[in-house]
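I opened a new model today and kept notes on what I looked up.

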Amino acid sequence: MKDFIFFMHNDPAMPIDETAWGAYLAGLRASGAFEGGSEIGGGTCFRQSAAPAPLSDHLSGFLRLSAETLEDAQSFLAGNPVYEAGGTIEIRELPKT
């Protein structure tokens, strides 16, 4: 199994159905793929020797999931409240180190 992170962008085309999160997360837990996740709050950026890049304010949360392939990970998009509201979900593989 590989680990993937879903970055949820703050760009939904319509309001997010916040009540849908419970059922969506319950489905992920039941699948055995759910490894955690959270909303993302405010913060700041740091850089040692120059001005840092601006804070990425387009990210609203993340989910960590396990799946065999990227295509398998994509199957978990259905029901995601951000995705269902027309928002962007960025999926990245987390390399094993």
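This is a predicted model: local features need pLDDT of at least 70, side-chain atom pairs count only at pLDDT 80 or more; totals for chains, interfaces and linings use all residues.

Entry 1. Residues are numbered from 1 along each chain as its sequence is written, and side-chain values use heavy atoms, without hydrogens and water.

Entry 2. I looked up helix α1, residues 21-31 (helices are DSSP runs of H or I, at least four residues; strands are runs of E, at least two; both are numbered from the N terminus). Its buried residues are Trp-21, Tyr-24, Leu-25 and Leu-28 (buried is under 20% relative accessible area, exposed over 50%, with a 1.4 Å probe and protein chains only). Seen down the axis of α1, they fall within an arc of 90°, so they line one face of the helix (the arc is taken from the directions from the axis to the C-beta atoms). Ala-23 and Ala-30, on the other side of α1, are exposed. After α1 comes Gly-32, with a positive phi near 85°.

Entry 3. I turned to the largest nonpolar core, which has 17 residues (a set of buried Ala, Val, Leu, Ile, Met, Phe, Trp, Tyr and Cys residues joined through side-chain atoms within 4.5 Å). α1 gives the largest share of this core, four residues.

Entry 4. I checked Asp-3, which lies in strand β1. Asp-3 counts as buried because its relative accessibility is 12%. Its side chain makes a polar contact of 3.1 Å with that of Lys-96 (a pair of N or O atoms within 3.5 Å; within protein, one must be able to donate a hydrogen and the other to accept it, and residues adjacent in sequence count only if both atoms are side-chain atoms).
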